[in-house]
Amino acid sequence: MQAAMRMAMRARAGVRGCRKAKEGTRKVQTSAGRKVAAVAVEESGQTAVDGKVPQEQLRNIAIVAHVDHGKTTLVDGMLKQSKVFRTNQSVSERIMDSNDLERERGITILSKNTAIRYDGIKINIIDTPGHADFGGEVERVLNMCDGVLLLVDSVEGPMPQTRFVLKKALALGLKVVVVVNKIDRDAARPDYVIDKTFELFCELGASDEQCDFPIVYASGYNGIAGHEPDQLEDDLRPLFNTIIGSVHPPLVNPNAPLQLLVTNLDYDEHKGRIAIGRINAGSISKGQNVSIMCPGKETKQAKISELFVYDNFSRVPAEEVQAGDIVAVCGVQEVSIGDTIACNVEGTALPAIKVEDPTVRVSFLVNTSPFAGREGKFVTTRNLRDRLFRELERNLAMKVEAGDTADTYIVSGRGSLHITILIENMRREGYEFAVGPPEVIYKEAKGKKLEPYEEATVEVPEEYVGPVVDMLGQRKGQMLDMQP
């Protein structure tokens, strides 16, 4: 087997951050009251902060990782072993990847909710995208969670998106459970992976408590897990037990006025717009009059027509849902992601969701070629504008603005794949339009011009090291490290 060289390089043409002369020390701050309250509950088992009590029957987790590290496959195993499906029921692979593009490309594009029950405890699970271009999906859904399963490939170890999602989870003070996945691979090196993961925690400024993370070794495809890489059980019980024992239950005040932060939207032909989010305080019931609030915006009124909770891979109708649970709400047609559904008498808005800025932009314009109108049904400027602004309702990481001409719109996203998925969806929906070349977005900060960059790790046989280094050097890449 040929020796491979591992290189880490930084290339200007990428889209993951902004170049700085020197990066200062980063400190992680937990969200207000969460850490203090969690410690108090562990010590006394009672409420300690503002009348909040733990909802012991609930756990809210998100599964986060770099692309292709096995998140959706692990969710498949968790669903199957929770007896969600009948014994004789035919179930496809990657159950959570529900739309055509996800199945064709083999990646998760949209975050999705489901729930299972284990030992009488309901575990709300959010499956998230692994590609960095869809990082906005991860950023907003973490607001619904109390903990995350950080999946790391047993061979590759932490990768660029691992750093991004872990940074966001630590900043929110979430409990992190490290899952070394694909442990059954022949080339698995669990000790190396754990060491690199610990180093990543330290680099991101994690506290001593956060660095003392629980570890589970698993094979999502085979549905097995264990606390030692060479001592795996025949099922995923070690993973379930670690989730229940390590992730804190939601700490909420069920008697306070209603507060529900909308973190996702869905649509149904009969029910209309469906708002999805976690109840931060109080309770919500069918037929209740509520206020839709957002800092800096006018308050709107609405009435809850239907309520649903997630249970055993389906939405289940409910009459009333208590704080701490994740709920889908119908009847709020004018709601947007980041809005707060609150008590209409004494409700207050929660801080709006913020995601990182786009790094690439592309021009969308009406097709004016000689063959215009031959392939699509929607070809006018109005059609194009309406569809692009409708995308903004659930895609917080994307921005749309008017271009230099009346028939041009500038669409900004987190990367070329982010915008490519939008283009392909619009094409399949019958839209016909033209696009321009992608352009990098520059920013000004403290009198300096900042540009996006990407950190690339390349594994290549030794005889090809020279050409690869030369190719990246032509794109103004900077060598950071090289090792056999």
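## Strand β11 and its partners

Strand β11 and strand β12 (residues 272-281) pair in the antiparallel sense over 9 bridges; strands are DSSP runs of E with at least two residues, helices are runs of H or I with at least four residues, and both are numbered from the N terminus. Two strands count as paired if DSSP finds at least two bridges between them. The model is predicted: local features need pLDDT of at least 70, side-chain atom pairs count only at pLDDT 80 or more, and totals for chains, interfaces and linings use all residues. Residues are numbered from 1 along each chain as its sequence is written, and side-chain values use heavy atoms, with hydrogens and water left out.

A hairpin of 3 residues connects β11 to β12, and Leu260 stands opposite Ile279 in β12. Strand β11 also runs antiparallel to strand β20 (residues 340-343), to which 3 bridges join it. Within β20, Ala342 is the bridge partner of Gln259. Strand β11 (residues 259-268) is mostly covered, as 7 of its 10 residues are buried; buried means under 20% relative accessible area, exposed over 50%, and partly exposed in between (1.4 Å probe, protein chains only).

## Nonpolar cores

The largest nonpolar core has 38 residues, and Val64, Val148, Leu150, Leu166, Val176, Val178 and Phe201 have the most contacts inside it. Helix α5 (residues 160-171) gives the most to this core, with 5 residues. Such a core is a set of buried Ala, Val, Leu, Ile, Met, Phe, Trp, Tyr and Cys residues joined through side-chain atoms within 4.5 Å. In soluble globular proteins, nonpolar side chains tend to be buried together.

Beyond its neighbours within four places in sequence, Val178 is in contact (heavy atoms within 4.5 Å) with Leu150, Val152, Ile194, Thr197, Phe201, Phe213, Pro214, Ile215 and Val216. Apart from the core of 38 residues lies another of 29 residues, including Ile292, Leu307, Val321 and Val335.

## Asp191 in helix α6

Asp191 lies in helix α6 (residues 190-203). Asp191 is exposed, because its relative accessible area is 58%. The C-alpha atoms of Asp191 and Pro229 are separated by 9.2 Å, although these residues are 38 residues apart along the chain.

## The protein as a whole

The secondary structure comprises 11 helices and 29 strands. Of the 484 residues, 50% are buried. Among contacts with a separation of 6 or more, 72% involve residues 24 or more positions apart. The protein exposes about 23,700 Å², of which carbon and sulfur atoms supply 48%; accessible areas come from the Shrake-Rupley method with a 1.4 Å probe, and for residues only the protein chains shown count as cover.
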